[in-house]
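Here is a short briefing on one protein model. It covers pockets, ring contacts and strand pairing, in that order.

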Amino acid sequence: MIHSKIFSLLLAAAWLLSCGSGSDNRSVTPGEPGGGEPEQPVRKYVTINPEVQPTAASVVIGYEVGNLEELKNPACGVCWNTAGNPTVSGMHQDGPALLPTSKSMKQVISNALLEYGQIYSFRAYVRSGAKVYYSDEVKGALGPEPEAVTFNWTPVASSALPLSVKVYKTTDPLNGHAFNAWYAVADLSQGEVEMKVNIPPTLQTIDRQAAADAKCCVLVNGAYFLATTTEGTNLGLSVVDGKEYGRVSDYRGSLRPAHPEYDTYYPATRGIFGVNHSGKPAVYWVGGLSVNYYFERPLPSLIGEELYAPVSVSLPAAAVAWQPKYAVSAGPVLLYDGKCPFDFTLTGRGEEYYMHNYEMIPYDIFNIGVSPDRTAVGYTADGKVILFVCDGRYARSGGATLTELAMIMKGLGCVGAVNLDGGGSTGMMVGAEHVNDISTGGNRAVKSTIGFYLK
């Protein structure tokens with residue numbers, strides 16, 4: 001009887017060894033949390049790179065796919081959890097579109113989906129119909145979180161402001177250089193003011209747009225635009241009184257004609273800030289070829305790597321049902337859930353090949369050494385809205401990099417924030433006063449504005 005039990009155990013062990021390790025891609029039906037019986041014969045469809053790259057903004061996973069000709073309509077991605085043995089029934093992110101030539105995949109898992117100080121288990125997967133094939137499991141975590149930047153702020157007195165709106169200025173240096181900045185904060189819950197977005201029929205300065213409405217308290221410039229005509233072309237999506245204008249399209253990998261990615265167009269989502277009909281602020285990513293969809297994560301497009309499928313109601317994730325009354329897109333998102341979802345880590349392919357330029361922001365805006373005039377909008381944990389501008393590129397103020405801008409907004413208490421158009425477009429009107437410097441072209445005619453208005 002004892003020998004019979006031992007023989008049975010040996011048979012079971014031999015069967016398990018024949019199934020192989022996790023790298024032999026056990027196939028399970030999606031939704032089965034514990035895994036499932038391996039399909040026979042076992043084949044390798046996905047192998048994960050054991051070297052996980054941590055950054056301040058993401059965890060970067062590499063994996064190899066193969067034998068795809070044996071599968072019908074395969075798709076790939078990465079899943080993760082903190083308990084081990086992650087599956088697609090939990091946290092996961094679909095990867096780039098698989099082609100017959102696909103082999104080496106690189107996928108970024110944004111800190112919008114991860115928490116600092118937490119160790120995660122990751123597995124790559126390949127889907128085929130109702131089956132999902134998994135790789136081995138690897139461990140990874142986010143790198144150190146950047147620190148907030150704080151200043152001494154002085155109140156700016158103005159008779160044009162109601163009690164629920166306040167404006168502040170600083171001349172404290174930023175990382176060793178002179179710096180001038182202003183921010184306005186409004187408590188929309190008090191019922192005195194509301195946030196609005198304007199898109200005039202022609203390009204107009206913020207001075208002119210502010211003067212057009214006597215109820216305007218504070219106004220800053222808004223979205224990116226093309227100034228090829230007097231009317232201008234608004235880039236991205238803006239929402240005015242519930243009506244949508246524009247769309248986020250695919251973008252060139254580079255705007256430099258000599259760059260290898262100039263003729264490659266990448267699907268993208270871009271940051272959008274807005275308020276709903278009750279005045280509650282929010283930050284999302286927006287995209288879509290024919291319909292504007294809002295997401296709680298970016299499409300993590302990587303310049304120089306495999307392309308993702310077009311943005312849809314289910315990619316990069318299930319869209320959220322947000323109905324903004326006023327909103328404006330630009331980018332990148334500076335803060336989401338209090339975390340900065342980008343840094344300037346390079347992929348190793350060369351100049352402009354950043355790991356976290358998901359939104360395909362041009363080199364004159366998204367670059368580690370670029371610190372022009374900046375404009376940003378954000379909101380605090382208790383729902384207050386903040387409009388921020390800083391001067392740049394002249395002796396009295398050296399501007400801010402995007403990373404510095406994100407950490408400044410965090411220092412102001414923002415949990416969500418988006419970068420708006422900058423450079424010569426940057427300007428802030430407080431009542432009838434243009435408070436920031438305009439000697440460097442900061443009173444450029446712009447296509448859109450965002451501000452606080454008396455109700």
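The second largest pocket has a volume of about 240 Å³. This is a predicted model. The largest pocket holds about 760 Å³ of space.

**Second largest pocket**
- The lining of the second largest pocket counts 18 residues.
- Leu 188, Ser 278, Gly 279, Lys 280 and Lys 455 lie nearest the centre of this pocket.
- By class, its lining divides into six nonpolar, six polar and six charged residues.
- Strands S14 (193-198), S22 (270-276) and S25 (324-329) each supply at least two lining residues.
- S14 gives the most to this lining, with three residues.

**Largest pocket**
- The largest pocket is lined by 40 residues.
- Nearest its centre are Tyr 224, Leu 255, Pro 362, Asp 364 and Ile 365.
- The lining of the largest pocket has 18 nonpolar, eleven polar and eleven charged residues.
- Strands S16 (225-226), S17 (233-234) and S20 (251-252) each bring at least two residues to the lining of the largest pocket.

**Aromatic pairs**
- The structure holds 16 aromatic pairs.
- One of them joins Trp 285 and Tyr 336, with ring centres 5.0 Å apart.
- Tyr 354 and Phe 366 form an edge-to-face pair, because their planes stand at 70°, over the 60 degrees required. The centres of these two rings are 5.3 Å apart.
- Tyr 354 and Phe 366 both lie in the loop between S26 and S27, twelve residues apart.
- Tyr 354 has a relative accessible area of 8%, so Tyr 354 is buried.
- Phe 366 has a relative accessible area of 1%, so Phe 366 is buried as well.
- Ring pairs also link a cluster made of Phe 151, Trp 153, Tyr 168, Phe 179 and Tyr 183.

**Arginine over rings**
- Arg 252 lies over the face of Tyr 262, at 3.9 Å from the ring centre.
- Arg 256 lies over the face of Tyr 363, at 3.7 Å from the ring centre.

**Sheet and strand pairing**
- Seven strands form an open sheet with antiparallel pairing.
- The strand order in this sheet is S11-S12-S13-S28-S27-S29-S26.
- Strand S11 (154-155) and S26 are the edge strands, and each pairs on one side only.
- S27 pairs with strand S29 (residues 414-419) in the antiparallel sense, over five bridges.
- Gly 378 stands opposite Ala 417 in S29.

Definitions and conventions: Residues numbered from 1 in each chain as written. Predicted model: local features only at pLDDT ≥ 70, side-chain atom pairs only at ≥ 80, totals over all residues. Heavy atoms only, no water. Phe/Tyr/Trp six-rings, centres within 6.5 Å; stacked < 30°, edge-to-face > 60°. Helix = DSSP H or I, 4+ residues; strand = E, 2+ residues; numbered from the N terminus. Buried < 20%, exposed > 50% of the residue type's maximum accessible area, 1.4 Å probe, protein only. Lys NZ or Arg CZ within 6 Å of the ring centre and 35° of its normal. 1 Å grid on protein atoms, 1.4 Å probe; cavity = no way out; pocket = protein on both sides within 12 Å on 5 of 7 lines; lining within 4 Å. Points joined across faces, edges and corners; volume = space filled by probe spheres on them. Nonpolar A, V, L, I, M, F, W, Y, C, P; charged D, E, K, R; others polar. Pairing = 2+ DSSP bridges.
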